[in-house]
Amino acid sequence: MSKAPVIRARNLLVGYGGEPVCAPVTFTLGPGRVLALVGANGSGKSTVLRAVLGLLKPAGGAVEVFGRPVDEREAGFRAKVASVLDDDAYFPALTVEEHLYLTARGHGVRGADEVVADALEAFGLTEHGASLPVALSSGQRRRLLLAAGFVRPRALLVLDEPEQRLDLTMRSRLAERLVAEKSTGGSVLLATHDPVLLRAVADRAVLIADDECELLSADDAAAAIAPGVL
Ligand SMILES: Nc1ncnc2c1ncn2[C@@H]1O[C@H](COP(=O)(O)OP(=O)(O)OP(=O)(O)O)[C@@H](O)[C@H]1O
């Protein structure tokens with residue numbers, strides 16, 4: 001397995017309209033590793049993720065993904081990078097199963113039947129395969145978006161607060177999936193407010209803040225975001 005960094009962010013400054021939302025951030029994510037971004041509401045975690053995904057131009061510094069400046073339109077980037085952000089990115093007229101088939105087949109997955117059935121099962125959606133998104137609860141819709149991230153090939157998974165709207169069983173199933181992702185060499189960058197998920201999956205964390213973005217161990221980061229701290 002190549003040890004070359006999957007993401008290298010150096011003094012990456014992110015913001016809107018030329019105004020930074022947090023201090024510059026520097027981190028490296030290697031293959032088979034999980035890095036968490038933690039910090040208070042509005043500290044800038046999602047904004048950093050958007051810059052890493054090429055959805056937002058950095059205000060300063062640099063970020064490379066797979067050794068190249070980010071270009072989210074490039075086929076090689078799209079083939080390797082799967083993301084689930086904090087949005088309702090689904091097609092209202094497609095069923096749960098159709099979403100998963102569309103994603104899997106669009107990315108050239110062979111044996112899509114098995115992959116889709118596995119994701120439906122893993123995310124507790126088997127009974128809802130024929131449902132339209134409007135007929136799902138908000139937690140089930142969230143599970144659909146996460147399932148779509150797992151039915152396609154990827155070397156890097158970027159998740160924005162994947163624990164949101166998931167019950168405890170589903171959170172622990174998600175943690176198992178992310179640990180499995182690491183064990184097969186996949187890398188994960190996630191923003192989270194969940195200390196349990198963080199401890200279960202992350203190798204390191206970056207605390208996003210105004211004055212300084214600090215690199216922490218997963219345990220220290222989990223302690224920093226324990227209920228009542230952040
Ligand atoms: N499209 C935008 N235009 C201008 N400002 C924005 C935009 N999106 C977010 N912001 C601001 O940027 C700052 C950082 O927001 P961001 O969503 O990155 O925080 P976050 O750490 O992910 O927060 P949370 O934990 O609440 O999800 C906030 O002050 C927010 O109001």
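Which exposed residues does the face of α4 turned away from its buried side carry? In this predicted model, local features need pLDDT of at least 70 and side-chain atom pairs count only at pLDDT 80 or more, while totals for chains, interfaces and linings use all residues. Residues are numbered from 1 along each chain as its sequence is written.

Helix α4 spans residues 112-122, helices being DSSP runs of H or I of at least four residues, numbered from the N terminus. Its buried residues are V115, V116, A119 and L120, where buried denotes 20 or more other C-beta atoms within 10 Å of the residue's own, exposed 12 or fewer, and partly exposed a count in between, with C-beta atoms placed from the backbone. Because these four cover an arc of only 135° around the axis, they lie on the same side of α4, the arc being that of the directions from the helix axis to the C-beta atoms. The face turned away from this buried side carries the exposed residues D113, E114 and E121. Just after α4, G124 takes a positive phi of about 60°.

Around the ligand, the shell includes G42, S43, G44 and K45, a residue being counted if its C-beta atom, placed from the backbone, lies within 6 Å. Helix α1 (residues 45-52) contributes the largest share of this shell, 3 residues.

In helix α7 (residues 195-201) is found V196, which is partly exposed, with 15 other C-beta atoms within 10 Å. V196 and P92 are 104 residues apart in sequence and 33 Å apart in space, C-alpha to C-alpha.

Notes: Helix = DSSP H or I, 4+ residues; strand = E, 2+ residues; numbered from the N terminus.
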